[in-house]
Amino acid sequence: MPEVFIKDIIPDTVITAPWSQGRDYNLDVDNDNDINFRVFSDYIGGGMVLGSAGVNITTLNSELFVITDSTYPYVLSYGDTIKINDKWGKGNMILESYWQSYPPGSSGHSGNWYGLNNKYMGVKFNNRLGWIKLDTYTTSLKVCEYALQK
Ligand SMILES: [Ca+2]
Ligand SMILES: [Ca+2]
């Protein structure tokens, strides 16, 4: 078993987008001060017609991947196994996206990370496996902890 570096973020970092704004957060999974992920939360009003909110994550390195078969990262639970031959993707990923009509009447969401607690996103960086532990809400997320093989 390779050694694993685990970083417990204390306190957990909450990224909340105020109405009509966005908030971002930089995540450095191997702690070398070079940012690896950009997490972005937004909460946007499109005039009086439509509101939308969501949380996205972008990989910033060519050898950085998350477990997915699309632009929607998979959700892992405690005890799940991360393997080098899992399905990996990179680029601009959507954790969750929500929209609502105005006046309210219809709404919907996409992405696998809608309103989850204590879940994990699988990560691979230069063939080192790891994870990011997140909580997600409609207009925000909480970054709790991350880990990467040494
Ligand atoms: Ca880094
Ligand atoms: Ca924490």
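**The whole chain**

Start with everything selected. The chain has a radius of gyration of 16 Å, which agrees with the value near 15 Å that a compact globule of 150 residues would have; the radius is taken over C-alpha atoms, and the globule rule is 2.2 Å times the number of residues to the power 0.38. Along the principal axes, the C-alpha atoms fill a box of roughly 55 × 30 × 25 Å.

This is a predicted model, in which local features need pLDDT of at least 70 and side-chain atom pairs count only at pLDDT 80 or more, while totals for chains, interfaces and linings use all residues. Residues are numbered from 1 along each chain as its sequence is written, and chains are lettered from A and ligands numbered from 1 in the order in which they are written.

Now colour by secondary structure. The chain has zero helices and eleven strands. Helices (H or I, at least four residues) and strands (E, at least two) are DSSP runs numbered from the N terminus.

How much of the chain is buried? Of its 150 residues, 27% count as buried. A residue is buried if 20 or more other C-beta atoms lie within 10 Å of its own, exposed if 12 or fewer, and partly exposed in between, with C-beta atoms placed from the backbone.

Contacts are a further thing to look at: two residues are in contact if their C-beta atoms, placed from the backbone, lie within 7 Å. Among contacts between residues at least 6 apart in sequence, 54% join residues at least 24 apart.

**The six-stranded sheet**

Next select E1, E11, E10, E9, E5 and E6. These six strands form an open sheet in that order, with antiparallel pairing. Two strands pair if DSSP finds at least two bridges between them. Strands of a sheet pair through backbone hydrogen bonds, either parallel or antiparallel. The edge strands are E1 (4-16) and E6 (88-89), each of which pairs on one side only.

Walk across the sheet from E1. Nine bridges join E1 to E11 in the antiparallel sense, and Val14 has Lys142 in E11 as its bridge partner.

Step on to E10. Seven bridges hold E10 and E11 in an antiparallel pair, and Asp135 stands opposite Lys142 in E11. The hairpin that joins E10 to E11 passes through three residues.

Then comes E9, paired with E10 in the antiparallel sense over seven bridges. Select Lys119 to find it opposite Leu134 in E10. E9 and E10 also form a hairpin with two residues between them, and Asn126 in the turn has a positive phi of about 50 degrees.

The last pair, E5 and E6, is antiparallel over two bridges, and Val66 stands opposite Gly89 in E6.

**Another hairpin**

Select E7 and E8. E8 covers residues 107-110, and four bridges join E7 to E8 in the antiparallel sense. Ser97 stands opposite Ser110 in E8. A hairpin through five residues joins these two strands.

**Val123 in E9**

Go back to E9 and show its side chains. Six of the seven residues of E9 are buried. Val123 lies in this strand.

Why does Val123 count as buried? It has 26 C-beta neighbours inside 10 Å. Not counting residues up to four places away in sequence, Val123 touches Val29, Val66, Gly130, Trp131, Ile132 and Leu148. Select Ile67 as well: Val123 and Ile67 are 56 residues apart in sequence and 6.5 Å apart in space, C-alpha to C-alpha.

**The largest nonpolar core**

A nonpolar core is a set of buried Ala, Val, Leu, Ile, Met, Phe, Trp, Tyr and Cys residues joined through C-beta atoms within 7 Å. In soluble globular proteins, nonpolar side chains tend to be buried together.

Which residues of the largest core touch the most other members? Of its 21 residues, these are Leu95, Met121, Val123, Trp131, Ile132 and Leu141. The elements that give two or more residues to this core are E3 (37-46), E4 (50-59), E5 (64-67), E7 (92-101), E9 (119-125), E10 (128-136) and E11 (140-149). E11 gives the largest share, four residues.

Finish at Leu141. Apart from neighbours within four places in sequence, Leu141 is in contact with Ile15, Val39, Ser41, Val55, Leu95, Leu134, Asp135 and Thr136.
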